[in-house]
Every structure is written in C-alpha cells, then in structure tokens.
Amino acid sequence: MATGYFPGCSLEGTAAEFDMSIRCLAQALDLELREIDDWNCCGASAAHQTNHLLGLALPARTIALAAAQGLEEIFAPCAACSNRLIAAQAEWLGDAGVRAEVERAIDMALPAAPVPVRNCIDFLLPHIEKIKTAVTRPLAGKKVACYYGCLLVRPPKVLAFDDPENPTSMETVAAATGAEPVAWGFRTECCGAAFAMSSTASVERLCERILVNAKAEGAHMVIVACPLCHANLDMRQPKGMALPVLYLTQLVGLAVGVAPKALGLKKHITPVAAAIA
Amino acid sequence: METTTAEFEPKIIAFLCNWCTYAGADLAGTSRLKYPANIRAIRLTCTGRIEPMFLLKAFQEGADAVLVSGCHPGDCHYTSGNYHARRRWTVFRKLLEFSGIDPRRVLFSWVSAAEGRKWSELVAEITAQVRALGPFTSFERIVKA
Amino acid sequence: MIEQLRQRARELLGEGKVALVIGHGRGSSPQATFPVFITKADAVDRLVFNPFCRNNLAVYLTRKDIMPKGAVGLVARPEEVRSVAVLVQEQQFDADRVVLIGVACAEPGKEGAACEMLKGRTLKELEAEVAERLKGRDPAQDVAARVKELEAMTPEQRLAFWEKEFSRCIRCYACRQACPMCYCERCIVEKNQPQWIPSSARPLGNYFWNVIRAFHLAGRCIGCGACARACPMGIPLDLLNAKVAREVKESFAYEAGFDHEVPPPMASFRTDDEQEFIK
Amino acid sequence: MARIGVFICWCGENIGRTVDCPKVAAEAGGFPGVVHAVDYKYMCSDPGQGMIKDAIKEKKLTGVVVAACSPRMHEPTFRRACAEAGLNPFLCEMANIREHCSWVHEEKGDATAKAVQLVRVMVEKVKRNEALFPIKVPVTKRALVIGGGIAGIQAALDIANGGQKVVLVEKEPSIGGHMAQLSETFPTLDCSQCILTPRMVEVAAHPNITLHTYAEVESVSGFIGNFDVKIRLKARSVDIKKCTGCGLCAQKCPQKKIPSEFDEGLGMRTAIYTPFAQAVPNKPVIDRAHCTKFLTGKCGVCQKVCPVGAVDYAQEDTFVEEKIGAIVVATGYRLYDFRNGEKDYGIEGYGEYGYGQYKDVIDGLQFERLASASGPTGGAILRPSDGKAPETVVFIKCVGSRDCAKGLSYCSKICCMYIAKHAMLYKHKVHHGTAYVFYMDIRAGGKNYDEFVRRAIEEDGAVYIRGRVSRIYTRGDKLIVAGADTLLGGAAGGRVEIEADMVVLATAMRPQYGIEALAQKLSIGYDEYGFLTEAHPKLRPVETNTAGIFLAGACQGVKDIPEAVGQASGAAAKVLGLFSSDQLEREPIVARVNQSQCVGCFYCEQVCPYHAIEREEKRDKAGNLIARVAKVNAGLCQGCGACVATCRSNSIDLDGFSEEQVFSEIGGLR
C-alpha cells in the first residue's frame, strides 16, 4: 500500500522537527512514505473561514493529485491538514453537485471512492506491534500526558476518530514505547491556537491550565500530534513550568533508538534533554 | 376552458382503518372542521386488511380516485398491519401506474386519531386535485365496454 | 455434457433416490423439445438438453400426482432452480423432495450456444451458483427496453396500450397453466360470492385479471417468460412481470428465487421501507 | 329474503340541521331489501331504541342500519338494543352521518345526498352480515407475574389476596428488586427496607403465591386465559428444601472478593451467597462463574461445612411448565451504564465524565448503598477511593436523560427527587459538608414533592446550580467539576469549577436488559427505548395490545415507587376482573380459513402479528400427508385481517368485515 505523505506548510516551517521525526521514524520502522508531488496548502483557517468553495478546492486538489499519483491513502500529520482533508472530502462524497463544482474549480477529476486520510495517531496505530518490537530504548518510568486538543477528534461525526470526550488512541501508541500515560483532565481542552496572534493573553491562560494540570498529575512531558498545539504549549509556558512538549513521533523515535538530534528535539523552546535523560 | 371541469364533482372512495384515520375523521367532525362532501369512507379494521381488489372494485363502481389511509408507522393498533400495507401499495400503485391508471388517482396517507385537521385539509386538497384532473372517463370506457 | 446429465439421472433413478426425473425430451426438431417424465433408469437416453429447452419444468412439481410417488429429480436450468427456491420458500414442498440436476446454457435460444452442467448439488449451492450468474442483472434487454418505452408514455396512452393488448385475451388461462407460481387450488379468478373478477372475456374482466395476476407474482416471479410464450394471443405479459419485479428489487432490494430461507418480500417488511408516496 | 330496517337519527339539531333526515329515510325506504325506514330526533334515547326493538319484532327485521353518529360512539348501544329484541347484535350496522357528514359539510343538498349514499352502503353491507356469536374462551385462574421488585410484589399480593393463584418469577436469587437497595425513600424519608421487607415475607408465606427465584421465563405460547408458560429454574447448586439458611457456607467460602451486585460493586460478596440479609428466600446460590470449585474443581468447602448437606454441585437447570390465565410484566428498570456507554443502543456516552475511570464518580444507586444502614459502609457516606468522608459532593442530574444529542430524549423523572434526597441525607450525615446539585430544571410534581426539594435547599442548604457539567478531571485527590452556571452572568461567563471529593451522576432510567427478547416472547410492543407499550396511553395504561398481558412498574416507562405500586394494583385489578368468570367472551371479529382452498404458502402466518395462524396437516385415509393448510386460532386472533389481504387464493375471510361485505359496500356507492 502506497501512502502519500502530505507535510503541509507547518511542517516546512515552525514544525520542521515534526517532519524530521516523521521521516526518521518511517525509516526506522521501514514504512514507505511518498510525498505527494506538487501538494498545496490545505486552506486551514484562512480559506475555509472566508470562502467555502476555496476551502473545499484546496484540499481537493491535493487529494486528486494523490489519487492520480496512485497513492491509496494520505498521511497528513498536521491535525489541521488531516481535519480539512477529511471534512472537505465528506462534503463532496455526499453531494454530486458539490463534487461537480469542486471539480470545475480545480479542473481535475476527483476520485470516485474516498481516499482514506490519516492523522499522526491513526498512521501509527496499525504499526503498534512493529513499534513494540522495534523499541530499543524503552521509556519506562517516563510519565507522559497525551494531549489531543480539538482538531484531532472534532467534529466527531465527520472525523469518526476515537471518542471525542475521552480519546485513548494516543495513549495506546505512547504506551507501546514503555512510557506511562497519566490520567488527566485537559486532554481535549482548547489550547487557543486560533488566537495565537490576536489574543495572546487568552492563549497563555488556556495553555497554563493545560500545563498545570498535566504537571499536577505527575507528567514529565506533554505529547502532542498537532503543530499548533505544539507551538502554543511549547512557547507559552508560565514561569518555572519547564514541561517539555514532544511530538508523538519524537517520543516513538526516541524509543526506537533515533538520535535526539535527528528528531529535532533541540529545536524546542522548552528544553527536553533533562526529561528524556 | 377552465369552466369545463368546474361543474364536475369527483367521487372519491376512501378505505380507512378503524383505529387511526376513521377516528381522525371522527375528530374532524367533533371539531366541526369543514371539507368537501365528495369523499365516501369505508371503514375497515386495519390498512393491512385492505386488498388491491378493493381499489379496482372502487374504480369499477365509478370512483374518480381512491384513498387508502391508516395509522402512522409504529402506531398500528395491530402492531404491523400498516407496514405490510405500505409494501403492498408500494408495488401495487406502480403496477397500476404502469397499466395506465394515473397515480394522482391512487392516494395514500397516514392520518392518526389525533389528526382531525390533517384529515380535513387532506380531503380538501385531494378533492381539488381530482376535480382538476376531471372525470376518469378512460376507465369508465373500459367498465362500460 | 448430455452424457453427464443422463448419467446423473440414471444414478438417481437406479439408486432409488428419486421416483421420477422430469427433463426435456427430443421433439420433432432440436428447436421443439418437450417435457419428459422418466421413471426407469434405462430410459434416460430420452433426455436431451440444448439452447432451445425453454419450458419451465418446475410447473409440474406442484401437480397433485407428482410428489406422492417419491422424491423428484428435476433437470434444472437457472429458471427451474429459482422457481424451486420460491416454491420451497412458500412451503409447497420440502427442499429434499426435489433433487436438482443443474444445467445452464450460455445463450438460451441461440443455435449452437454452449451448454454445461452446474456444479451445485443442493438447492442452497445452486441458488448461490445461479445468483452468481444472474443476481443484480436486468431482465432480457428487449423486455427492459419495452418497459422503459411504456414508462415514457402518459397514463392515458398506457391505458390505451393495455386496453388494446388485453382486448385479445380470450381468458384461456394458458399463462396461469405455464407458471410454476400459479399453484392455487382455486384461482381468485374463479372466486364468486363476491365475484372478484368478471369472468367473461370483456375489457374490464381482462384488465382486472391481468393486473391482479401480475400483482400476485410480486416478489415471486423469476422472469422465465413462460406465461408470455404460452399466451396464444401474444399478449406481452412479461412486461407487467418485469415491471413488478423491478419495483420489488428497487424498493425492497429483493430478487426472487435466490434464497429460499429469507422471508418473501410481500410477507415481510422493514420499518424504514420507503413511503414518499404516502401523504 | 333480506328485511332491513333503517333508522335515521337527527341527533337533535346536530344532524338534522344539515341533513334532510326525512328525505334520507324516504330514499332509504326505496332501497332493495329495506322494509322499514324512519327518522327520529334521538335514536339513542330510550324511545329511540324502543322504536328499533319494536320494528325488529313487528317487521321481522333481518338486519338493522342506524344512521347516526360514529360507530365508535354508539355501535355497542344499538347492537345491545337489537340483541334485547332478539336480533343477533352483529346484524346491526351504523352509517356515520354525523362526524363524517353533517358536522363537516355545510351545503344541505350535498350533505343529504352523501347521507343517502352512506346509508345505502351500510344497507348493502348488512344484507351480507351473518349472525356472529361471542367467542367463549375458558380462563385458567392462575396469574404469572414476571419480576419480583416492588411492582411485581404488589401485583402478586393484590391478586393473591383477591383469592387467585399467582406464580411469581424473579431472575435474581431474591425478590425485592431495586427498592431493597434503597436507603430512605422520598418524600417521607422512611426506610425503604423497613417498608418493603414485610411485603417480601408476605409473598413467601402467602398460600396463593408460588415463588420461583433465580428463574426466568423461557417461553410463552397460547392466548388470554390460556397461556402455556415454561419457566427455567436456574441451578442454585443449593437444595432449597434442605437448606436452613444458616449462612455457614457463605461465612466459610474462601472466595470473598466478588463485587456485590446488591451493593453495586461497592462491597464484596462470596461465591456462595445470599444477596442481602433480608433476602427472600433467605437461601444462598453459588455463583458458578466465580466459584473455585466450578473453575478449578478444587475447594468444596461449602459442601463440607453445610450441616444439612444442601450444597449440590451437580444441580442442573430445570424447567417447570405452568398453565396461566393472565400475565403481569413487572421487569422494572436499570440505570444507564455511564461507565461503558451504550453504543449498542445508539447512545454516545459521556467521555467528559470519565467513563468510570474515577472511583469517586458514582451513580445514584451506588449512593443509595453508601447511605443505607445495610450498605458496605454501614450507612456512613465514605468515598470509594480512600474511605474518607467527602467534604464536598457534586450531584449531576440528567446524565443520559433529556439529551437528544448523545443520550435519551426522555426525562427520567425520579432523579430530581432522589438527588434532593441524596443531598439531604448527605447533609444529615456530614454536617459540615457541602452538596452541590447541577440541574437543568427541577421537576417535583407530586404530593409533597416540591416541598421536599425546598427542604433540601432551604433547610439542609444544598447548593443548586442551574447548568451542565462539561468535564470532570482530577487534581491530586480532588475531582474538579467544570461546568456552567447559567444563572450567573458577568465577566466569568457563567463558568464554575468545583473542587469535589465525590460526584454522583443521576444516570437515566432504562428498561432492563433483555426486555426486547421478553417482549417478543410475549408478542407485546415496545418503544424505541425498550419500554413496553401500553394499549392506550391514557385510557388503557396497564393493558397491552395483547389480550391478557398487563404492565406494572418501570418496564412501561419511568416511574417512582408510588406510581409503580399504583400501576401494579391496577394490573392486579385487571387480572382479578378477568378471573371473575370461568369463561371469557371475545368479540367474534376473527379470521377464518377455507381449508379446502388453502394452498399452504403460509404468507398469512408471516404477516400475523399474534401468531394466531397454525399449521394443520391433511392426511389421506392411509395416513399420508396430502397438504399442510392454515388454521386460525380464534383465541389468539385479534381480527386485524392482514392475513386476508395477503392470501392470494383468497382462502381466508374476516368475520364482520368479509369480502362479500366490503364488496357490497363498494357496490353501494355506484
């Protein structure tokens, strides 16, 4: 099965370490990823809030390209990207009129059958046994707080991924590394990503609540699967918090023996080294 | 040309289940809701009791339209009669349509014992509709031949 | 192929598994075959099979004098398999009373078309095999096309069409005799008190008879076309049957004669059956 | 030769104003077969009925048509009048010229013409009517009550005290149901077990009651007055006749760590156990799924210690068959399973409340066990995780109820009251504690109910917050309850967070597991939630649409104790009414098979909702099977006629609405 890799813009910028860790991990686990040739922006936030057709056409083009390139599924690690790709696809699958309009806009034919789109957790879940056997550096004793934020599980009817109020899939993957997921209360609370620029104070307040609870429940680090979550939680830590925030792929990468540098762990603002020692 | 059918008063024969639509029509009466006098109701136990042949017989006797009406799905006094009826009419009305009977003359409704108003409005609506269609002369031709 | 068929029949009769084999026998020409009833193993050479064997032999199974003699072997094309499935579904006999000798022809009616034995032995196996070949397919192209043609007309035009077609009906009931599903002891057309259907060959009675006959085949007709072929007046009864079968298929996702273990569509329901036509 | 009498009623002005009654009578007089046609102001009055009776006698009428109001109104009246004059009541029909004519049409000419036709329709019908005779069915005077909770107990006692025999079947090892688990009851705060256990004892001792505990209904066939019921007696592994209930076996059982069902998992029980101290019968059962003897073959302690040798590991399920005349279904309720969600039932569940991952988030029945003197804490309110008395308890109402998005749309009705009670009991026991209650509305419609809630708020100081809880999470050993207070405006936006020690969820009331299967065994209806369907929501609330089967308690819909008991007594009254005569009369509107024409396709059997179609084998003189044909069991048949319309060969007909009658009616409209 050929999996199309859709890094999206975040992974080429602020979340470059997410991209690095994915590529290293794929290599370590011997998973084939083929980057979709000529992919474009998924349109998250900016497009789908302003122009509905554009919000559908941008993901549509990437999906149509993937299908044309013989890719059977798409791995979109950014939670916003996977969310948009799935949501847009759901719209034209149920409505021939929408499909025709979108096809006209991108001047390409959309695949008849839906192309499965996987987020970061969803991508790793089928390989859980592989991960377990590949672990060379078990993370025993590391308490991790798995944080989903909003985009990975909502809207539940469209994404149909995990339980929206009480998801457990990230914990399943994290536990495969030997780390110990903690039970905590803010796993699906909003980090305020959309207001990162416009209302920094709100974001700080929201992030603080999340980090404080994670720490109170004994977590040594927070695990995320979304560049926006990462940026906010990593960057906006209250004084003295110093709770490292790692991508799920970095956590798994560490456990299977990838060097911290290759995983981009040095790129984080909140230092990671002490927590993973 | 409109005047040609204005004089025409259609005959509509209705087959009603005892528990819902017949009672709904009773309620229209006790509520004094007015509707045209073109409809003639025949009371049966259940829509499940109503046979295709009854409809053909009604056309034979000069009906310009027939109506079958009973309990809403899930409300059948006998639990499932209306579900069986629904299947029967799904096929039979298509067969009638295919054999030349205008589907606008073969009507079905769910009217509950509480829907006196729906009954009165339904009768007014279908009476107007059938009046506009005009007499069912083509079938009369077959009956009289 | 014919030797395999005869061998099966010989075995069944020889081993006493059946008292009778019903099959196709040679007529005056290969095109004219007729049903044969074989009770002795040494008579199986009377059996033939070719693309012109079109009689639906299942019609004999419900005749009073057939079953009591013992189990019956039946040379069964897909049409017979499906007919038997419906008859078993409708409790007319138990599945083990009929031993099916499955046969099929690639293109029925076409000179020289290949014929073969079907693999299945039990009714269930043969149903699956026949379903594999036929389920989901439309009826014969010409029938489907003519149904579409009629559907495109106005109701008045259709009524005129059928009025004309039915006017030829002489009420001989050959259609009924040829149909395996018309097994009633007393047909509704013979019911009086009340008289359901006027019995004389006049337009109203003809209309009622043909419409009710088609309705009674809803969810049961397997589309063998025996009725239309039997009609001496050439009335296209298969169009009515095909129309009803299509409605049943579209509305209830059901096609007759592929599974004798499911309830018939006209004696069952789903709570979410379609009802857009009901106000 | 038909001699029909037609009687046109004016109904005072009601018909007479719009329908020209004398004209209708005059026209009707000319219909073939009509020998007598009159009109009168009030046909239903004594003189009106007298006119009918006189005409029947004087004119030797063979049929009567009364054109008046709806047959749904006065058909019984006029049929009775006919019977009194010696005419079979089923030879009387009504033409509805009031509800279907005079009241809905304005133009007198139209209405009169229609009335004439409606009369002709019924004249044509009645000419084909046949004398019918009520079907007499013998009645077995023994009732079956399914479920031994308070509703079943009440129904059983009422029937037994009325002098009739009762078989009471309970699936658990003891009767008592949920009421036995409760601490105190609202709005009086009397002790639940104190008022219940005497009734339980009464059941066990009653000479008219046969009690089968640890038993389930296996199958039901037959019909009103004549049910055949097969009951499965599950293997107790204890000979109930030998057992003295000394309790030594349970004391010595080494397997002591099984979560107790009675204590809702808050306490432990042994593998051989009686569910609770006051159990009836007070005899143990062995829970084979947890018993070491059954799991590994080793142990056998209970058998060794039993002084009377009552423990029998080889016991198997047995069956008893009972002839039953009437059935009361009282299978009660269970609570919505917030720990596992109920995806199978299309309910999404409440991940935000943690799906049971927090030990100190409990449901209402668990709180009852904490508050009960017979409970695992001896009545002290102690939280499950560490056994400390909670300083702050948050109660959340409507968990699962009134939630169209991811729960059930209905209101569970009892929660407002029991949560007020819980808050009160908590405050009585933990004086310095704080009780918060999140609510959507307070529904306290009952005698002394609202006063009770007020007491919880005003005297006991429960803090009521109008709003929903969006998340429960932990901070240290505290539960943080985050929610909204919709009555709190301002900058906070109504957000509240409460640091709690324990949370009680008022989870929705649901019908018991397996209710659908039971309903199918009994051929009774149930709604989308599984609650059993009553025959009429207002006027026949304890009956079902299957004659002879009645409903009591929460199996029919959410109920509190007084309502359940009231309905149980109602069901018992219906049973006693049924048992008041030796034979039962039923309207003879039933289907009949013409077996000589039946071809045995059994479509009728498949469409019959009452399993009233039976198969009959026809054999020749030598005993060979000729045919299988259908037969109607008149006791089961409810006369819907679905079989008639389904029969292609037209071999079934329906008395009272026969083919001939309907055809003649249609013909009357020519």
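**Sheet.** I began with chain C, where five strands form an open sheet in the order S2-S1-S3-S4-S5, with mixed pairing; strands are DSSP runs of E of at least two residues and helices runs of H or I of at least four, both numbered from the N terminus, and two strands pair if DSSP finds at least two bridges between them. The edge strands of chain C are S2 (32-38) and S5 (115-117), each of which pairs on one side only. I noted a twist that averages 30° from one strand to the next.

This is a predicted model, in which local features need pLDDT of at least 70 and side-chain atom pairs count only at pLDDT 80 or more, while totals for chains, interfaces and linings use all residues. Residues are numbered from 1 along each chain as its sequence is written, chains are lettered from A and ligands numbered from 1 in the order in which they are written, and side-chain values use heavy atoms, with hydrogens and water left out.

I then followed S3 (residues 72-76) and S4 (residues 98-105) of chain C, which pair in the parallel sense over five bridges, and found that C:Val75 has C:Ile101 in S4(C) as its bridge partner. Helix H2 (residues 78-89) of chain C packs on the sheet and touches S1 (20-29), S3 and S4 of chain C, its direction making about 130° with that of S3(C); contact means heavy atoms within 4.5 Å, and angles run from 0 to 180 degrees between N-to-C directions of axes fitted to C-alpha atoms, for helices over the stretch in contact.

**Cysteines.** My search of the whole structure found two disulfides over all chains, a disulfide being a pair of cysteine sulfur atoms within 2.5 Å. One joins B:Cys20 to B:Cys71, S to S 2.3 Å, and it is right-handed because the torsion about its S-S bond is about 100°. D:Cys191 and D:Cys194 form a disulfide with their sulfur atoms 2.3 Å apart.
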